[in-house]
Amino acid sequence: MASGNHPPTRSRWKKSRIFLGICLGTLLLSAVLHRPILRGIGHFLIMQDALQKTPAIFVLSGNSLDRGKEAAKLYQQGWAPRIVCLGGEPHSTLELYGIHDLGFEMTKRVLLEEGVPNSAIDSLPEGTSTFEEFVAIERYCKQHRLQQITVVSSLFHTRRIDEFFRLRLHLQGIEMVLRGADESMFEEDAWWKAEPGLLFVNSEYIKLLYYWTRY
């Protein structure tokens with residue numbers, strides 16, 4: 001009597017080898033390409049302009065150390081005679097140590113430590129979000145009749161600024177030079193290797209989606 005357990009046919013073996021080959025190839029391709037893909041995910045968030053001289057540099061709050069240092073460097077290179085610090089939110093971690101400085105105050109500390117004279121620093125103690133900082137910048141520009149400005153934030157924050165700020169400022173007759181500061185907590189080209197980078201990129205994509213749908 002014939003057995004019910006027939007050995008696999010050549011066709012089945014061939015299909016199995018093809019399937020295994022596809023799986024192995026996919027794994028190998030993922031291993032080879034995952035870095036360029038992840039790097040591209042980060043680079044998508046970066047939008048910068050060529051440097052131009054403007055009357056003022058606006059430093060957005062959120063990372064006072066790196067953004068402040070970038071703004072100080074631009075000032076010292078002669079790209080603008082004035083720096084405006086933004087940020088009306090306290091830093092909850094620093095408050096644990098009795099430091100109650102708002103965002104603009106922390107940025108100002110960095111600028112002074114980097115050698116920017118106090119007379120070249122202006123303060124806008126406003127803004128707890130990108131939207132609120134835009135409103136404050138727009139009002140400041142109108143009050144001081146500024147038609148060109150430089151805006152400094154973190155590199156991975158620049159696309160959201162570009163998409164939200166640029167056209168709105170342009171419609172008000174204000175042109176923006178957008179610059180990004182390198183992060184000291186992680187490398188932009190390898191953001192996925194450090195927890196701060198993972199948190200920043202994930203948060204920024206969520207915020208991008210929110211701004212696209214909200215504004």
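In strand 5, I149 has M176 as its bridge partner. This pair belongs to a predicted model, in which local features need pLDDT of at least 70 and side-chain atom pairs count only at pLDDT 80 or more, while totals for chains, interfaces and linings use all residues. Residues are numbered from 1 along each chain as its sequence is written, and side-chain values use heavy atoms, with hydrogens and water left out.

The chain contains 7 helices and 5 strands. Helices (H or I, at least four residues) and strands (E, at least two) are DSSP runs, numbered from the N terminus. Read from the N terminus, the elements follow the order α-β-α-β-α-α-β-α-β-α-β-α. Of the 215 residues in the chain, 38% are buried; buried stands for under 20% relative accessible area, exposed for over 50% and partly exposed for values in between (1.4 Å probe, protein chains only). Contact means heavy atoms within 4.5 Å. Among contacts between residues at least 6 apart in sequence, 75% join residues at least 24 apart.

The 5 strands form an open sheet in the order 3-2-1-4-5, with parallel pairing. On average, neighbouring strands are turned by 25 degrees against each other, direction ignored. Two strands are taken to pair if DSSP finds at least two bridges between them. Strand 4 (residues 148–154) pairs with strand 5 in the parallel sense over 7 bridges. Besides the bridge of I149 to M176, S153 stands opposite G180 in strand 5, and the bridge partner of S154 in strand 5 is A181. Strand 4 also runs parallel to strand 1, to which 3 bridges join it; here F58 has V151 of strand 4 as its bridge partner. Because 6 of the 7 residues of strand 4 are buried, this strand is largely enclosed by the rest of the structure. Strand 5 is likewise mostly covered, with 6 of its 7 residues buried.

Helix 4 (residues 103–113) lies across strand 1, strand 2 and strand 3 and runs at about 145 degrees to strand 2. Axes are lines fitted to C-alpha atoms, for helices over the stretch in contact, and angles run from 0 to 180 degrees between N-to-C directions. L65 is located in helix 2. With a relative accessibility of 42%, L65 counts as partly exposed. Apart from neighbours within four places in sequence, L65 is in contact with V110 and S184.

Helix 5 (residues 130–144) packs with helix 6 (residues 158–171) at an angle of about 30 degrees, and their axes are 11 Å apart. The two helices are therefore roughly parallel, a term used for angles under 35 degrees, with over 145 counted as roughly antiparallel, 65 to 115 as roughly perpendicular and the rest as oblique. T130, F131, F134 and I137 of helix 5 make the contact with R160, F164, F165, R168 and L169 of helix 6. By class, this contact of helix 5 with helix 6 has 6 nonpolar, 1 polar and 2 charged residues. Ala, Val, Leu, Ile, Met, Phe, Trp, Tyr, Cys and Pro count as nonpolar, Asp, Glu, Lys and Arg as charged, and the others, Gly among them, as polar.

The axes of helix 6 and helix 7 (residues 195–214) come within 10 Å and cross at roughly 10 degrees. Helix 6 is thus roughly parallel to helix 7. The contact is made by R159, R160, E163 and F164 of helix 6 and by E204, K207, L208, Y211 and W212 of helix 7. The residues of this contact of helix 6 with helix 7 divide into 4 nonpolar, no polar and 5 charged.

The loop between helix 5 and strand 4 includes R145. Although R145 is not a glycine, its phi is positive, at about 55 degrees. R145 is exposed, with a relative accessible area of 77%.
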